[in-house]
Amino acid sequence: MSLHTAPVAAKDRFESLDVLRGVAVLGILMMNVQAFTMASNAYAYPPAHMDLTGANLTVWYISHVFFEMKFITIFSALFGAGMLLMVGEEPDAPRKLHFSRMTWLLVIGLIHMFGLWFGDILVTYAIGGFIIVFFRRMSPGKLIGWGLFWVALSGLLMVAIFASFTLLPADMGPTDVGIAYSDEQLAELVNTYQSGYLPSRIPNALNGLGNILMFAFFGGRIVGVMLLGMALYKLGFLLGRWSVRHYVIAAAVGLGVGLPIVAWGGQVAIDHDFSLDTMWIHTATNYGGSLLVSLGYAALINLACKAPWLKLIRAPFAAAGRMAFTNYLTQSIVMVFLTVGGIGLGLFGELERIQQAQLVVTVWIVQLIVSVLWLQVFRFGPFEWLWRSLSYGQLQPIMKVKA
């Protein structure tokens, strides 16, 4: 990102940021696919919808340990870093363009949320963007302190809600507390999504409104991670400026400590058949452990960016990262086409978790290929171009200039 109308020149780009962003935007689909293809309750309470045995349980466990909250954490940290890269730290740095960008991001996010998918993250990012710009001149230490404060505050609220289930009477179950549908409600929901686009907008809109309201409680995690991303940018971590030794240490600590914590919590959930009175355990362990795992992933990716022999492997992910906005929105368009009836195939409630994972891998491959091919001809992805043009108030050049 740049303060100027012209895009950042290739030689001035930080490859590590592009690769990290590409990996992150692909990784988040492994979790988002659940909310596209089955009842949204199944994200927090897996038995709420579809089979959860055999290979499907294995997919849930792998997703929980290696994907849930990890890639959205990286994505959010990069958003904070990107804001700092664009606006700068100078006290008199112009913020008009930043606020224009966040306003249009909010507009696009609302269209995405209610027109396509209630799980939109752009609205949250826009709100967070309006907030974090006022923290940009803080030292890395203060940014880390504020970031961890907001992350911890949201975490305590989330864990408290799930921990309250331990106080429920023995005769109360998941449907009584609203984290699962009755068989009749589930059948009606599936029929609504399969019957057509307009009928499906009703439950989607209700979930979208809930998503916006939840920002007051859990938006602190996103804002906090953005602040952490700003700190890691200032410290050079996200820019590949650390030594190989320090990245190895960060990866070892992040993954060596974080993964066992998350894996243990997921196993507790399985061993107790996802009972309400133990939900707080795998929620809490993943909430905290995901921060460490994300740090470990980011360290590994930065190590990969230091290896010349991995250049060809990095290139597609860097391209996907430069088109992250387009790839994110395109994922929604594809998923809505596949799951909603009338305008698409109406596969909502038909794809088991193993099939969801296969679908995600297919989308990954397609987006990596298309991103490389698109950027051979164009400067930006189509939605990046749209967002940029709206922010500047004039159409931006999109075609590459031939030498």
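This is a predicted model: local features need pLDDT of at least 70, side-chain atom pairs count only at pLDDT 80 or more; totals for chains, interfaces and linings use all residues.
Biologist: Which class of aromatic pair do Phe36 and Trp117 form?
Modeller: Rings of Phe, Tyr and Trp (its six-membered ring) pair if their centres lie within 6.5 Å; planes under 30 degrees apart count as stacked, over 60 as edge-to-face and the rest as tilted. By this rule the count comes to 20 aromatic pairs. Phe36 and Trp117 sit 4.2 Å centre to centre with 25 degrees between the planes, and the pair is stacked.

Biologist: How many residues apart are Phe36 and Trp117?
Modeller: Helices (H or I, at least four residues) and strands (E, at least two) are DSSP runs, numbered from the N terminus. Phe36 is in helix 2, and Trp117 is in the loop between helix 6 (96-115) and helix 7 (122-132). The pair links distant parts of the chain, with a separation of 81 residues.

Biologist: Why is the pair of Trp117 and Phe118 put in its class?
Modeller: Phe118 is buried, with a relative accessible area of 10%. The ring centres of Trp117 and Phe118 are 5.9 Å apart and the planes are at 55 degrees, so the pair is tilted.

Biologist: Which element gives the most residues to the lining of the largest pocket?
Modeller: On a 1 Å grid over the protein atoms alone, a pocket is an open set of points with protein on both sides within 12 Å along at least five of seven lines; lining residues have an atom within 4 Å of a point. The largest pocket is lined by 46 residues, with Tyr43, Met158, Asn211, Met214 and Phe218 nearest its centre. Elements giving two or more residues include helix 2 (29-37), helix 5 (70-87) and helix 12 (279-305). With nine residues, the most is given by helix 10.

Biologist: What is the relative accessible area of Asn41?
Modeller: Asn41 is in helix 3 (residues 41-44). Leaving aside neighbours within four places in sequence, Asn41 is in contact (heavy atoms within 4.5 Å) with Ala48, Gly178, Ile179, Ala180 and Tyr181. Asn41 is buried, at a value of 15%.

Biologist: Where is Met69 found?
Modeller: Met69 has a positive phi of about 70 degrees although it is not a glycine. Met69 is buried, with a relative accessible area of 17%. Its place is the loop between helix 4 and helix 5.

Biologist: What distance separates the C-alpha atoms of Gly240 and Arg136?
Modeller: Gly240 is in the loop between helix 10 and helix 11 (244-271). Gly240 and Arg136 are 104 residues apart along the chain, and their C-alpha atoms are separated by 20 Å.

Note on methods:
Residues are numbered from 1 along each chain as its sequence is written. Side-chain values use heavy atoms; hydrogens and water are left out. Buried means under 20% relative accessible area, exposed over 50%, partly exposed in between (1.4 Å probe, protein chains only). On a 1 Å grid over the protein atoms alone, a cavity is a set of points where a 1.4 Å probe fits but cannot get out, and a pocket is an open set with protein on both sides within 12 Å along at least five of seven lines; lining residues have an atom within 4 Å of a point.
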